[in-house]
Amino acid sequence: MLIPKRAGQPVNYEVYEEYTPAEHKLELVNGVFLPFNKEREKMLTLCLFNMGLQECVTFLQKESKEELFRLLQQNLQP
């Protein structure tokens, strides 16, 4: 299981194979990107793991950062 951290982490080919869609093809079905078999979650996890959470946050727009902050606060409450 990949756990994204503050800094990006290297990815080997075995991990790449496991976390990318079948045949390394991207799909769009009825406006949904990678709609099958949790492919979207796996691809996002791979990207966040490799780029790191800090880099991800730096390119988000302020509105997205604020929304993410609210969501994190809600999800971290006991």
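A pocket, as used here, is found on a 1 Å grid over the protein atoms alone: it is an open set of points with protein on both sides within 12 Å along at least five of seven lines, whereas a cavity is a set of points where a 1.4 Å probe fits but cannot get out. Lining residues have an atom within 4 Å of a point. Grid points are joined across faces, edges and corners, and a volume is the space filled by probe spheres set on the points.

This is a predicted model, in which local features need pLDDT of at least 70 and side-chain atom pairs count only at pLDDT 80 or more, while totals for chains, interfaces and linings use all residues. Residues are numbered from 1 along each chain as its sequence is written, and side-chain values use heavy atoms, with hydrogens and water left out.

**Stop 1: the pocket**

Select L48, L53, C56, V57, L60, S64, L68 and L72, which line the largest pocket. Helix 3 (53-59) and helix 4 (62-76) are the elements that each give two or more residues to this lining. The volume of the largest pocket is about 180 Å³. What kinds of residue make up the lining of the largest pocket? Seven are nonpolar, one is polar and none is charged. In this count, Ala, Val, Leu, Ile, Met, Phe, Trp, Tyr, Cys and Pro are nonpolar, Asp, Glu, Lys and Arg are charged, and the others, Gly among them, are polar.

**Stop 2: the whole chain**

Zoom out and switch to a cartoon view. The chain has four helices and two strands, in the order α-β-β-α-α-α along the sequence. Helices (H or I, at least four residues) and strands (E, at least two) are DSSP runs, numbered from the N terminus. Along the principal axes, the C-alpha atoms fill a box of roughly 35 × 35 × 30 Å.

Of the 78 residues, 18% count as buried; buried means under 20% relative accessible area, exposed over 50%, and partly exposed in between (1.4 Å probe, protein chains only). Contact means heavy atoms within 4.5 Å. Among contacts between residues at least 6 apart in sequence, 50% join residues at least 24 apart.

**Stop 3**

Select Y13 and Y16. The structure holds one aromatic pair, and these two residues form it: their ring centres are 5.6 Å apart, and the 40° between the planes makes the pair tilted. Rings of Phe, Tyr and Trp (its six-membered ring) pair if their centres lie within 6.5 Å; planes under 30 degrees apart count as stacked, over 60 as edge-to-face and the rest as tilted. Y13 and Y16 are about one helical turn apart because they are separated by three residues in helix 1 (residues 13-19). Y13 is exposed at 55% relative accessibility, and Y16 is partly exposed at 32%.

Leaving out residues up to four places away in sequence, H24 touches Y13, Y16 and E17. H24 is partly exposed, with a relative accessible area of 36%.

**Stop 4: the salt bridges**

Side chains of opposite charge can pair when their charged atoms come close. A salt bridge here is a side-chain nitrogen of Lys or Arg within 4 Å of a carboxyl oxygen of Asp or Glu, and there are three.

- Select K25 and E23: their closest N and O atoms are 3.5 Å apart. E23 is exposed at 63% relative accessible area.
- Select E66 and K62: their closest N and O atoms are 3.4 Å apart. Both lie in helix 4, four residues apart, about one turn of the helix. E66 is partly exposed at 36%, and K62 is exposed at 63%.
- Select E67 and R70: the N to O distance is 2.7 Å. Both lie in helix 4, three residues apart, about one turn of the helix. E67 is partly exposed at 37%, as is R70 at 39%.

**Stop 5: a loop with positive phi**

Select L34, in the loop between strand 2 (32-33) and helix 2 (39-51). Its phi is near 50°, a positive value in a residue other than glycine. Is L34 buried or exposed? L34 is buried, at 1% relative accessibility.

Finish on N37, found in the loop between strand 2 and helix 2. N37 is not a glycine, yet has a positive phi of about 55°. At 67% relative accessibility, N37 is exposed.
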